[in-house]
Amino acid sequence: MKSEQKKSIKQDAGQKKHTMTMQKRNNLEALMFLSPWIIGTCVFFINALVSSIRLSFSEIVQLRGFVMEWIGFDNFEHIFMYDINFMPTFLSVVTDTLINTPLVLVFSLIIAMLINQPVPGKGFFRTCFFIPVLLGSGYVMSQLLEIDATGSVGVGIALPQVLQEMLGTTIVSVVQPFLDRITLILWNSGVQIILFLAGLQGISSSLYEAAKCDGATQWEMFWKITLPMISPIILLNFVYTMVMYFTSSDNALVAYILDQVFENTQFSRGAAMGWVYFLFVFVLCGVVFGVVKLGSKANES
């Protein structure tokens, strides 16, 4: 008996050692794939980040050599108290992002569930929805959607002229912005659809078969199986979509900050605007992570 116990202890120790070795191997592989990003960040990003923080609390007294003088929070006070364009543009961008993000997620999930059904031509539909991602560079997007200087969509899904005359200007003024928003949602849903589709295909079919045997409906299976199983993908898509909208080429606030920096040479105030914007996005993503974590704990309990 003692010899058998010793053998089992040795086997357990060997298994733990093998598991630790596999974990170390996986960690090394992860570091290997992350190393280009880590090296690039250390070489090119950290110095610029520190300079941007210093610049937001300073004023350039000599452009040659980039000589700065510390002025504290004066730049932040100026953009909040005296800049008449920053806060309206900021609130407009945030409002549009908070409206578009849930719409993109709902639309992407619906399309992914439809594509995940046993229908012919799945690859064709995936390609169709992903093509805008490949074409969606800043210049191409601005040309296709004819985005004007204010960042609003000039032409999206446009109503025919005959229909506009029949509906009248009042109804057209309400319907056309809705169609413009639908255009942006269709354009910006490619990556989310692919991620949702990957999450749906990772759910075991045995779960659905067991639920059907218990008499569960499609609606119950969606809320009890599908949605909980893809909750990490929902979080990933939520954060990705918010960051995509906050940094997109047609973002009016980003355009305004770049205009202040490069057109008006207000480097210090532009840096302060950038940091206010970054901190807001960072805090918002943190709130989303916290809410999702609390929701997952509540489901477990």
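Let me start with Leu-279, which sits in helix α13, residues 267-300. Helices here are DSSP runs of H or I with at least four residues, strands are E runs of at least two, and both are numbered from the N terminus. At 46% relative accessibility, Leu-279 is partly exposed. By the cut-offs used here, buried is under 20% relative accessible area, exposed is over 50%, and partly exposed lies in between, with a 1.4 Å probe and protein chains only.

A quick word on what we are looking at. This is a predicted model, where local features need pLDDT of at least 70, side-chain atom pairs count only at pLDDT 80 or more, and totals for chains, interfaces and linings use all residues. Residues are numbered from 1 along each chain as its sequence is written, and side-chain values use heavy atoms, with hydrogens and water left out.

Back to Leu-279. Together with Phe-278, Phe-282, Val-283, Val-287 and Val-291, Leu-279 makes a nonpolar surface patch with about 590 Å² of accessible area. That area comes from the Shrake-Rupley method with a 1.4 Å probe, and for residues only the protein chains shown count as cover. A patch takes residues with over 30% relative accessible area and no salt bridge; nonpolar side chains (Val, Leu, Ile, Met, Phe, Trp, Tyr) are joined within 5 Å, like charges within 9 Å.

Which residues reach its backbone oxygen with their side chains? One is Asn-75, with a polar side-chain atom 2.9 Å from the backbone oxygen of Ser-58. Another is Ser-268, whose side chain also comes to 2.9 Å from that oxygen. A polar contact here is a pair of N or O atoms within 3.5 Å; within protein, one must be able to donate a hydrogen and the other to accept it, and residues adjacent in sequence count only if both atoms are side-chain atoms. Ser-268 belongs to helix α13 and is buried at 9% relative accessibility.

Asn-75 belongs to helix α2, and at 6% it is buried too. In α2, residues 74-81, Phe-76 and Ile-79 are buried along with Asn-75. These residues lie on the same side of α2, because they span an arc of only 100 degrees around the axis. The arc is taken from the directions from the helix axis to the C-beta atoms.

Ser-58 also has a strand partner: its bridge in β2 is to Trp-70. Strands β1 (residues 58-62) and β2 (residues 67-70) pair antiparallel over four bridges, where pairing requires at least two DSSP bridges between the strands. Four residues separate the strands of this hairpin, and Gly-65 has a positive phi near 85 degrees.

There is another positive phi to point out. Thr-265, in the loop between α12 (252-263) and α13, has phi near 50 degrees, although this residue is not a glycine. For context, most residues other than glycine have a negative phi.

How many salt bridges are there? The count is one, with a side-chain nitrogen of Lys or Arg required within 4 Å of a carboxyl oxygen of Asp or Glu. Arg-25 pairs with Glu-29, and their closest N and O atoms are 3.6 Å apart. The two are four residues apart in helix α1 (residues 2-56), which means about one helical turn separates them. Glu-29 is partly exposed at 34%.

Finally, two long-distance pairs. Met-87, in helix α3 (residues 86-115), has its C-alpha 9.3 Å from that of Leu-253, 166 residues apart along the chain. Thanks, everyone!
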